Amino acid sequence: MTTDAVTMVCKEFIDRYTDYRDELLSSDERARFEEHLEDCESCRRYERVLSRGLTLWRGLPVASASPDFLPRLQHRLYHVEDAGKLSTRRHLGSAALVAVASVGLLAVTWMPFAARASIEVELPAVAVEVPVTFVADGQPSLFEEPPYVGPFLAPLGTTLDEPAGLFTTNYVPIRGDSTSPTELRRTGQLDESR
Amino acid sequence: METTPNLHVAETDVPERVGRQQLVGLEDAELVAQYLAGQRFAFQELVGRYQDRLLNFIYRTIGDRDRAEDLVQETFVRVYRHLHRFDPTKKFSTWIYTIASNLAKNELRNRSRNPLVLFQAIKKNWEADHRPLEFEDNTYSPDDLFRKRHLREKVEAAVAELPEHHRVVFVLRELEGKTYEEISDITGVTLGTVKSRLNRARNRFAQIIAPMLD
């Protein structure tokens with residue numbers, strides 16, 4: 001066998017070694033590989049090293065599960081069961097909630113129709129005399145006494161000891177002629193000219 | 001149906017299905033059916049069949065025994081949770097190895113992102129290199145024992161050096177003896193990819209260990 005041929009076959013041998021090792025080759029191809037192995041020291045070494053390495057690796061002590069493996073697993077499986085039951089209960093609760101909500105929604109939807117369908121009875125009008133009271137500014141009121149209004153809700157100028165309109169903005173209407181200067185006043189400033 | 005996951009129940013609690021003794025002779029898929037029919041010992045039988053196999057598979061893949069045991073537990077929890085979804089026309093072993101393989105791959109990815117875990121792994125390996133020799137067998141001289149242990153550690157380290165996706169295929173084939181089709185199903189890649197990854201893993205493994213074995 002020439003050097004070129006050996007090199008070529010060596011590459012093929014390495015590339016397809018898995019097929020050879022796992023017996024995936026036809027008998028003819030297998031014979032070619034075996035023939036090459038007889039002639040090639042390099043490929044023989046490759047196979048020897050791999051086989052020995054794999055034997056050593058497979059000979060490593062086999063790990064066994066620790067004695068508490070089963071109790072631990074059982075404990076975890078109990079938790080899985082509990083979680084499953086809780087989840088089922090939660091789903092049942094959600095389903096009940098959805099059902100109640102649906103019934104409520106249906107009731108609300110059908111309420112106008114039900115109300116329309118109900119019998120309406122016309123009652124005669126009843127005249128009632130309302131005792132009218134008057135407050136200090138002369139406006140009639142339905143209340144015996146003016147209702148209590150807190151200082152923060154009371155209109156400005158009525159609860160504070162200041163002239164009415166002191167802190168309110170004076171309304172200035174927009175004039176038609178834009179030539180006149182804009183009348184600017186500070187908020188709350190009294191218009192002395194009027 | 002009683003679904004309490006009692007792995008240590010009394011013999012009298014066995015429901016009127018297949019007897020506990022008969023479970024040993026059943027196929028995995030039949031055990032799943034028995035469990036779903038109410039035979040609580042069936043799940044225990046499945047755990048007994050797979051706990052050590054999965055432990056070694058994950059241990060050889062991630063290189064951490066304690067963490068491997070946690071992941072085996074997680075595998076069984078997931079199997080238990082989804083047992084009703086198992087397709088009996090498929091192989092149970094492929095299904096459970098797929099779950100275990102995915103957990104192992106996730107673990108490796110998380111480790112590569114977590115520098116603390118990486119540091120702990122390095123520290124652990126350093127401690128292993130410096131622990132005293134155990135003279136468990138008097139027929140070998142201390143030199144022989146040292147060389148043997150050294151070689152084993154180097155071989156183990158050589159496997160750990162393989163890229164993650166090559167390593168999973170390598171472990172499944174060389175340690176678990178899975179067929180290409182099973183590895184393809186477990187890893188979710190094509191047969192051609194399985195073959196290619198396995199060949200590369202073997203070549204790389206041989207390259208790493210060649211200087212030690214010559």
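In the predicted model, 20% of the contacts in chain A between residues at least 6 apart in sequence join residues at least 24 apart, two residues being in contact if their C-beta atoms, placed from the backbone, lie within 7 Å. Local features are reported at pLDDT of at least 70 and side-chain atom pairs at pLDDT 80 or more, whereas totals for chains, interfaces and linings use all residues. Residues are numbered from 1 along each chain as its sequence is written, with chains lettered from A and ligands numbered from 1 in the order in which they are written.

Chain A contains five helices and two strands, arranged from the N terminus as α-α-α-α-α-β-β. Helices (H or I, at least four residues) and strands (E, at least two) are DSSP runs, numbered from the N terminus. Of the 194 residues of chain A, 6% count as buried; a residue is buried if 20 or more other C-beta atoms lie within 10 Å of its own, exposed if 12 or fewer, and partly exposed in between.

The loop between H2 and helix H3 (27–39) of chain A holds A:Glu23. Phi of A:Glu23, a residue other than glycine, is positive, near 55 degrees. Because 7 other C-beta atoms lie within 10 Å, A:Glu23 is exposed.

Between the chains, 28 residues of chain A are in contact with 34 residues of chain B. On the side of chain A that touches chain B, helix H2 (17–21), helix H4 (41–58) and helix H5 (69–117) each supply at least two residues. H5(A) gives the most, with ten residues. The residues of this side comprise 18 nonpolar, five polar and five charged, where Ala, Val, Leu, Ile, Met, Phe, Trp, Tyr, Cys and Pro count as nonpolar, Asp, Glu, Lys and Arg as charged, and the others, Gly among them, as polar.
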